[in-house]
Amino acid sequence: MNDLAHDLGRGLAGTIVHQAAVAQSSGNWEMAHTTAKAMAGQPAAVDPASASLYRGAPAMAFALHTAGHHAYRPALDGLDDALATLVNARLSDAHRRMDTGRPPRMQEYDLIGGLTGLGAYLLRRGTRPDVLDGVLHYLVQLFQKPVTVHGQQVPGWWTSDSPSGQPDTAWPEGHGNFSTAHGVAGPIALLALCTRAGHTVQGQRDTLEQACSLLEEWSQRLPDGGTAWPETVTLDMWLSGPPPLAHPGRPSWCYGTPGIARALQLAALACNRTDTQRHAENALTSCATDPEQLARITDSTVCHGWAGLCLAVDRAAADTTPGSALSRLLPSLRARFATHVAQQALPDAAGLLTGADGILLTLHTLNPARPVASGWETCLLLN
């Protein structure tokens, strides 16, 4: 499906989130209203096979809800039942798959295309707690019910896909994915954020304890003493266990240490695990101060670049003690981000993940002189 009007990551839905944040500061809503009319003037997908937090009606609803303007309330109220039906259909499909014992496809549960993302919308919207309960029950089962792949027992979040999100003969056993955007860190962050909001189901606390242990076990020591996680693991890698040393990848929100460390910090806070929280914060601090890792950032975007790193550090720093190492890092990181934006042309694309909207909104959000109401980062599971 190529529907950029209702695309949060690459299209108009993301543009509205940015324009509304600016309008909340300036009081001038003309541009945001024009974009909202353009988006709402086209039918948005509610098909469970294609609609997700980042595409179709849920993306449009997230954008309108986050914008927070009273003119959008009738449209949002009209979407509530349709989106509840969509999520319940996705849950029914997922439970039928679980009953077979087969591993899930990536888009069944991930943030970008799956039930974790839809749960993030439900948490942000707050009007259908019963449906959010269903998502949380499902995620608890995803952790608690293992699946069997080639005769080996693996966690229930092990995906049958390759890292591209599609079956691939080069990945015959599928893979384990640790990322925030497409892997296990996304559900962990959602479960923790819901716990923080007082929204819990049976088994949620135990699942978060298990998640903390998982991410602690698989955090790998770097040659310079820092910490990182693998982006993906094959079946052989999983069965062999965490290697003693790792080499860092790109410090991106989507697949890298910033997103995973924030998920671990949130889970540790939910479980009152002080040592685990410190472990997560140290990992993020070492990532954000490592010249080798920072050199791998080549753009300013939220998904892969400076914006995502800065947002993760900013949100994590807000949950540390005053004067923490993460808090002290923020001014220099913001300055490097702003310098990179000034020196490189903005992407031609729209949207929050890979477009100019995400970059500009992050600059706006991180400006201490004009703080933006938190909430839009829920689509990244950072807050």
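Biologist: In the largest pocket, how many residues of the lining are nonpolar, how many polar and how many charged?
Modeller: This is a predicted model, in which local features need pLDDT of at least 70 and side-chain atom pairs pLDDT 80 or more, while totals for chains, interfaces and linings use all residues. Residues are numbered from 1 along each chain, and side-chain values use heavy atoms, without hydrogens or water. Ala, Val, Leu, Ile, Met, Phe, Trp, Tyr, Cys and Pro count as nonpolar, Asp, Glu, Lys and Arg as charged, the others as polar. The lining of the largest pocket then divides into 17 nonpolar, 13 polar and 13 charged.

Biologist: Which element gives the most to the lining of the largest pocket?
Modeller: Two elements give two or more residues to this lining, namely H4 and helix H5 (106–109). Helices here are DSSP runs (H or I, at least four residues). With 4 residues, the most comes from H4.

Biologist: How many residues of the contact of H4 with H6 are nonpolar, polar and charged?
Modeller: The axes, lines fitted to C-alpha atoms, come within 11 Å and cross at roughly 145 degrees on a scale of 0 to 180. Contact (heavy atoms within 4.5 Å) is made by Leu76, Asp77, Asp80, Leu83, Leu86, Val87, Arg90, Leu91 and Ala94 of H4 and Leu115, Leu118, Tyr121, Leu122 and Arg125 of H6. These residues divide into 10 nonpolar, no polar and 4 charged.

Biologist: Why is the packing of H7 and H9 classed as it is, and which class is that?
Modeller: Helix H7 (residues 129–144) and helix H9 (residues 204–217) have axes 10 Å apart, at an angle of about 45 degrees. Leu136, Val140, Phe143 and Gln144 of H7 touch Gln204, Asp206, Thr207, Gln210 and Ala211 of H9, a set of 4 nonpolar, 4 polar and 1 charged. Angles under 35 degrees count as roughly parallel, over 145 as roughly antiparallel, 65 to 115 as roughly perpendicular and the rest as oblique. H7 and H9 are therefore oblique.

Biologist: How many residues of the contact of H1 with H16 are nonpolar, polar and charged?
Modeller: Helix H1 (residues 12–26) and helix H16 (residues 356–365) pack at about 25 degrees, their axes 9 Å apart, and that makes H1 roughly parallel to H16. Gly14, Thr15, Val17, His18, Ala21, Val22 and Ser25 in H1 meet Asp357, Leu360, Leu361 and His364 in H16. The residues in this contact divide into 5 nonpolar, 5 polar and 1 charged.
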